[in-house]
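Today I went looking at aromatic rings and what they pair with. My notes follow the model below.

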Amino acid sequence: LNTYTLKIIEIRKETEDTSTISFKQPALKKITYLPGQYITLILQINNRKYRRPYSFSSAPETDATLDITVKRMSHGIVSNHLLDIVKVGDAIEVMGPMGEFIYNKERMHDGALFMWGAGSGITPLMSILKTALHSQKKVTLIYGNRNLRQTIFYDELLKIKEQYSDRFSLFNFFTKEKQFENKVAFFQGRIDAERITQILALYKDKSDSLHYICGPVELKKVVKAVLLQNDIKPENIFTENFEHKVDENQLKEVRTTFVNLKKDGQRVKLEVIKGKSILEAGLDQQMDLAYSCQTGTCFLCKATKLSGNIKMVGNETAPEKLGEDECLLCCSYPLSDDVEVEIK
Ligand code: FES
């Protein structure tokens, strides 16, 4: 995969714990991307190499810079590094754009766009939203947050609303906001099935509408279920996997054991502690492994299973893209003591 070195030209604080980092496009080899995609930052922190995917919050047609928006995660080594250490003028190595959560305006469709997001899930939606409005589409954003203060892009969204008042509708949901002095009304509570149904009922012709959902797993589930009940075609619903949530029940039969990992003709014996994926165990041992998303979607961590039993958890996106003996190391957990995998 192509890598680029990008220079930071601006860092903008969006909320208390979130900032947008703007990179300058390289002069010669410009990065082309589609709204909704992400880039993978490669960072060396305390002698260890980390790769993390970050969605573009910029839109290729409306922004000259390449922007990512980073929210601080508790114990997030990379997000803390980006928010506390990195500064304007620094150069960062990145892997080229990836991701299937895209808005491709070449794809013909006449319907409106609906974006369903919560918290930092707004990032790729922002890129899609700006592109769609720029290309004359009608857009509705349903956006959930704790309160106004923690709402990323709140002011920018108000400006967009003023600019495109005829084509952009914004529904804010706050779980912990009481008083509201601003111009925009909001719903109290979460984006739940009842509210989703009410919002959809406001729109008469939804048959050709496109729906982009980005946020916690629960939000994706409920929005998708209600959309399907409302006869939205499944192929018009797009979701982004931001988190790889593993339920302990799914790992019941998984054991702490050793796994042989073959790479470049060498065999490394890895101890895989119960709860860690084989990829995590390899990274903990400082192996230089290809990966990005860690949610089972980019397929960069694909390997071939040579022996033993593995359980794959969380790669629901496209299991059909894997061959019979193939697995994704970020989603793979050993079930037996004789697991051997090879990265080709
Ligand atoms: S790191 Fe992306 S699929 Fe495993």
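I call a residue buried under 20% relative accessible area, exposed over 50% and partly exposed in between (1.4 Å probe, protein chains only). This is a predicted model, so I keep local features to pLDDT of at least 70 and side-chain atom pairs to pLDDT 80 or more, while totals for chains, interfaces and linings use all residues. Numbering runs from 1 along each chain as its sequence is written, and side-chain values use heavy atoms, with hydrogens and water left out.

Ring pairs came next. I pair rings of Phe, Tyr and Trp (its six-membered ring) if their centres lie within 6.5 Å; planes under 30 degrees apart are stacked, over 60 edge-to-face, the rest tilted. That rule gives me nine aromatic pairs. I looked up Phe-101 and Tyr-212: their centres are 5.5 Å apart and the planes at 80 degrees, so I logged the pair as edge-to-face. Phe-101 is in the loop between strands E6 (91-98) and E7 (113-118) and Tyr-212 is in strand E11 (residues 210-214), so this pair ties together parts 111 residues apart in sequence. Strands (E, at least two residues) are DSSP runs numbered from the N terminus.

How buried is Tyr-212? I get 2% relative accessibility, so I note Tyr-212 as buried. Tyr-212 also meets Phe-238, with centres 4.7 Å apart and planes at 15 degrees, so that pair is stacked. Phe-238 sits in strand E12 (residues 237-240), so the pair with Tyr-212 in E11 ties together parts 26 residues apart in sequence. Phe-238 is buried too, at 17%. I see ring pairs linking Phe-101, Tyr-103, Tyr-212 and Phe-238 into a cluster.

Note on methods
Helix = DSSP H or I, 4+ residues; strand = E, 2+ residues; numbered from the N terminus.
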